[in-house]
Amino acid sequence: MADYTAAERTIDLEDRRKQAGRRTFLKAGGFVAASGALGSLGALVPGVSTGSNQRKRARWIKVVDRPTLGETNADYKRFSGFDMFALYRPLKNERDGAGSFEAEQASKAKRLAEWTNEKKPGFSLPDRHLSEGAFTVMHSAKPGVGLLSWTRASGHTPEDSGTQRYTASPEEMANTVKAAARLYGAGLVGIAPMNEAYVNLQVPHREQPHKDQPEKGALQKDQHLTARQHDGEHPSGEHGKEQPQTVQPPQDMNIVFEDTDVPAVTDTKFVIPRKMKWVVAIAIPMDLDLLSRAPTALGDAASALGYSHSAFVVSSLAVFIRGLGYEAIPSVNDTAQSIPFAIDAGIGELSRLNKLVTPEFGPAVRLCKVFTDLPMAYDKPINFGLVEFCKTCKKCAEACPSRALSFDDEPSFKTKGPWNNAGHKAWYEDSYKCYQYWQKSGSACGVCLASCPYTKGDQAWIHEAVKATASIAPAADGVFRIVDNAFGYGKQHDPEQWWTKDSQFGRRG
Amino acid sequence: MTMTNGADYFIITIRRRPVWFWALAGLWLLLEILTLQTALASVQEGEARAATISWIAAVVLAVVGVLAWLRLGRSQKLGESSERPDDNPSLVEHQG
């Protein structure tokens, strides 16, 4: 180099620059090509983000005008609100004699204590309290108060800020609300029209706030539950803040629809304004790694966490909607049936479990919803071949330890007990048997959810390929069921390994 | 690729293979990639049995593919000894 003249050096540097430029160009070209190839590959791999706030659904999920199991008859009416949690005690005492429920509970408590002392896998002290900890948020969520307040829990309305309520086209509104719900933790979101037939007749007493709730002592027992606190009425003078509210109603409270402007909770009833014609239906994915340890106390943490996430999502979304200038009623399992709303909103289909199965997460979801008067574009139901698959598969029914699920080939109108909401075609389940097994196993079971062939992780391409094929070729359903068994899917994973696992696999959404 | 003694060039021979051979090779490669992806994903998902089956399938597929390649390649090579590139227009010669 030292022998080079300045001119030669310049020419040499020019050549090098050109060569470097060519190399850079080729490198950049290669990078772009590789990125393109990876992007194309990414589009094929399930679970890859689309970069949008909306979950892009697979092409094999067909949008239809009517739900696949939507047939109803004259018996279909509003459900009482009394599910197995409310019915089990009287039914148990009726079937097995007075005091049998209390005896069963005592026996269960003793058995659980023994299992914990013996460090039975899935029932150790950490296992049991993992579930309790996961349920914490849900424990403080009762219809009409606290997180699930029907009125303005916190935050400000547009009027508070001196602005107008937010307006946009129904499609934009739907996208806005869905984006917010996704941010708060929703796995799937859809908009369904309000259907009064899906709303329960009553809120059972046990679901209402009582004296060990956080609102304890704030008001007298017979005091009127507050509806929205209008401007200037709050004793603290805070604008638009919710009053502390509590009540210990002595009876079950009716849920009624009225031509009012705002939702209200009185000492006798829950009032839903008739102008609330939109329902944001939400599915929260459960932690599959925990669910695969069911039926244990450890496995219960998957449900518990799902419920707490649900309470968080709907309460956050309700505050968001109120902030846009509209009314919102957040609801988890209370107030209305989540499944039919989720079906109408295109989140999934009704299955042999008599529960919702989603194409993405199977039945391993917790459902919740928000009623609102915010005008949004409705979604439509979907069909991904699930009903045909359920007719052939029956894996959940075989896996159910209590034989509570139907083995019938076809869905029917035949119910199994007062816990079922009659009048629609379904594979009705025997919830009494199911709940009795809960007492025996000391857990909330969940084996049916874990065993469903649609309950799969989102890592392997094969799951997506099987679901896609099942949606268009029901003839292959039987083969898929056999292969699913052969691959060992749906079997219980060792509960002890959960605490030491290094896998990141688990919650999806 | 061969190098003639003393020559300062290489001879690169590109052997023409029938379409079905490439189709079969492509299918094999695709299956191998998908099987390996299933095996790795099953490990991530904690599905031990699915992972084991997928690993076995991937290894068997790989062995079968390599053996088939060697067998087909060998039969082609034996055939090559009786013909020179000049005699067979399907064999293209590049010099450089």
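In what order do the 4 strands of the open sheet with mixed pairing stand in chain A? In this predicted model, the order is β3-β4-β6-β5. The edge strands of this sheet are β3 (202-203) and β5 (264-265) of chain A, each of which pairs on one side only. Strand β5(A) is joined to β6(A), residues 269-273, by 2 bridges in the antiparallel sense. Within β6(A), Phe270(A) is the residue that stands opposite Val265(A).

Strands of a sheet pair through backbone hydrogen bonds, and the pairing is either parallel or antiparallel. A further open sheet of chain A has 4 strands in the order β2-β7-β11-β8, with antiparallel pairing. Strands β2 (188-193) and β8 (328-331) of chain A each have a single partner strand, so one side of each is left without a neighbour in the sheet. From one strand to the next, the twist averages 20 degrees. Ser331(A) stands opposite Lys369(A), which belongs to β11(A).

Two helices of chain A are described against this sheet. Helix α6(A), residues 170-184, packs on the sheet and touches β2(A) and β7(A), the latter spanning 278-285. The direction of helix α6(A) makes about 140 degrees with that of β2(A). Helix α8(A), residues 297-323, lies across β7, β8 and β11 of chain A. Helix α8(A) runs at about 20 degrees to β11(A).

Chain A also touches chain B, and the contact takes 12 residues from each of the two chains. On the side of chain A that touches chain B, the residues divide into 6 nonpolar, 5 polar and 1 charged.

Definitions and conventions:
Residues are numbered from 1 along each chain as its sequence is written. Chains are lettered from A and ligands numbered from 1 in the order in which they are written. This is a predicted model: local features need pLDDT of at least 70, side-chain atom pairs count only at pLDDT 80 or more; totals for chains, interfaces and linings use all residues. Two strands pair if DSSP finds at least two bridges between them. Two residues are in contact if their C-beta atoms, placed from the backbone, lie within 7 Å. Ala, Val, Leu, Ile, Met, Phe, Trp, Tyr, Cys and Pro count as nonpolar, Asp, Glu, Lys and Arg as charged, and the others, Gly among them, as polar. Axes are lines fitted to C-alpha atoms, for helices over the stretch in contact, and angles run from 0 to 180 degrees between N-to-C directions.
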